[in-house]
Amino acid sequence: MSHANYFSSAEVAARYRRARPFFHPEVAERVRGFAGVECFGRALDVGCGSGQSAVALAAIASQVTAVDCSPEMLEQAERRPNIRYQWGVAEQLDFEAGSFDLISAGSALHWFDQQRFYGPCRTVLAASGLLAVYNDHFTTHMQGAMACNRWMRTRFAKRYPQPRRGMRDIDEALAAGCGFRVLHRGSFSHLVRFSRPELIAYLLTRSNTLAALDRSQETLPAMIRWLDGELEPIVPKGETGEFIFKCNLWLMRQSGAEAG
């Protein structure tokens, strides 16, 4: 299964780096806590985007290799001494067998061909290594108010429908059929504070608005004007709101590996 790549322009990549919430350190700490290790050896971050997930991994791994299929996203990634960024696709992980103690895919699995992703993972992951998959959902809820959720459902989603892509979360039966067993599944919520311009900037990184721009449904200035007018009653000028995000996390090992 292939999907359009809406993140392959320098403008979109820069917007993504600026506007996406940096929740990834919480995930990294949960992974480390589950594994019971102070520091992983080598970690592979698949679908690293503009590098937020790789930066979080760099705090819990001695060496991080981060791959993405968008050179423009990789150009935006924050450089760290123990991170190596390179172009790559999830279904073709060209590394030596057993190279990594940890593989992660953050907010990216829905763009992969899941069945073709698990095979290369099994090859390059150490026998007792962990595969961590997580997705961060904007619940559309604003703390203490219903207006945002109602607007997202009745106005935003109808004007900018979700483009075709894979399942956002894991198909556990498929993972099991591909040789991975789920050891842990969990979730946590976190609040992100946005002003109206910041909320608009975030919405402009979502695939439904990017798809509308890609098919020339409207121009970027027109989209910003519409969003600004629509959101003015929800987040008035000079004010901010707290918006609820929920992160789902799965940790897996290869079938037959020790639970350790």
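Asp 45 has Ala 66 in strand S2 as its bridge partner. This pair comes from a predicted model. S2 (residues 61-68) runs parallel to strand S1 (residues 40-46), and six bridges join the two.

Both strands belong to an open sheet of seven strands with mixed pairing, in the order S3-S2-S1-S4-S5-S7-S6. Strand S3 (83-87) and strand S6 (180-195) form the edges, each pairing on one side only. On average, neighbouring strands of the sheet are turned by 20° against each other, direction ignored.

Helix H8 (residues 196-203) packs on this sheet, where it touches strand S5 (125-142), S6 and strand S7 (240-254). The direction of H8 makes about 145° with that of S6.

| Feature of the H8 and H10 packing | Value |
|---|---|
| Angle between H8 and H10 | about 130° |
| Distance between the axes of H8 and H10 | 10 Å |

The crossing of H8 past H10 is right-handed. On the H8 side, Arg 196, Leu 199, Ile 200 and Leu 203 take part, meeting Ile 224, Leu 227, Asp 228 and Leu 231 of H10. By class, this contact has six nonpolar residues, two charged and no polar ones.

Helix H1 (residues 10-19) has Val 12, Ala 13, Ala 14, Arg 15, Tyr 16 and Ala 19 as its buried residues. Their cover includes H8 and helix H10 (220-231), along with S6, helix H3 (52-57), helix H4 (71-76) and helix H9 (207-214).

Notes
Residues are numbered from 1 along each chain as its sequence is written. This is a predicted model: local features need pLDDT of at least 70, side-chain atom pairs count only at pLDDT 80 or more; totals for chains, interfaces and linings use all residues. Side-chain values use heavy atoms; hydrogens and water are left out. Two strands pair if DSSP finds at least two bridges between them. Helices (H or I, at least four residues) and strands (E, at least two) are DSSP runs, numbered from the N terminus. Axes are lines fitted to C-alpha atoms, for helices over the stretch in contact, and angles run from 0 to 180 degrees between N-to-C directions. Contact means heavy atoms within 4.5 Å. Buried means under 20% relative accessible area, exposed over 50%, partly exposed in between (1.4 Å probe, protein chains only). A crossing is left-handed if the near helix is turned anticlockwise from the far one by less than a right angle, and right-handed if clockwise. Ala, Val, Leu, Ile, Met, Phe, Trp, Tyr, Cys and Pro count as nonpolar, Asp, Glu, Lys and Arg as charged, and the others, Gly among them, as polar.
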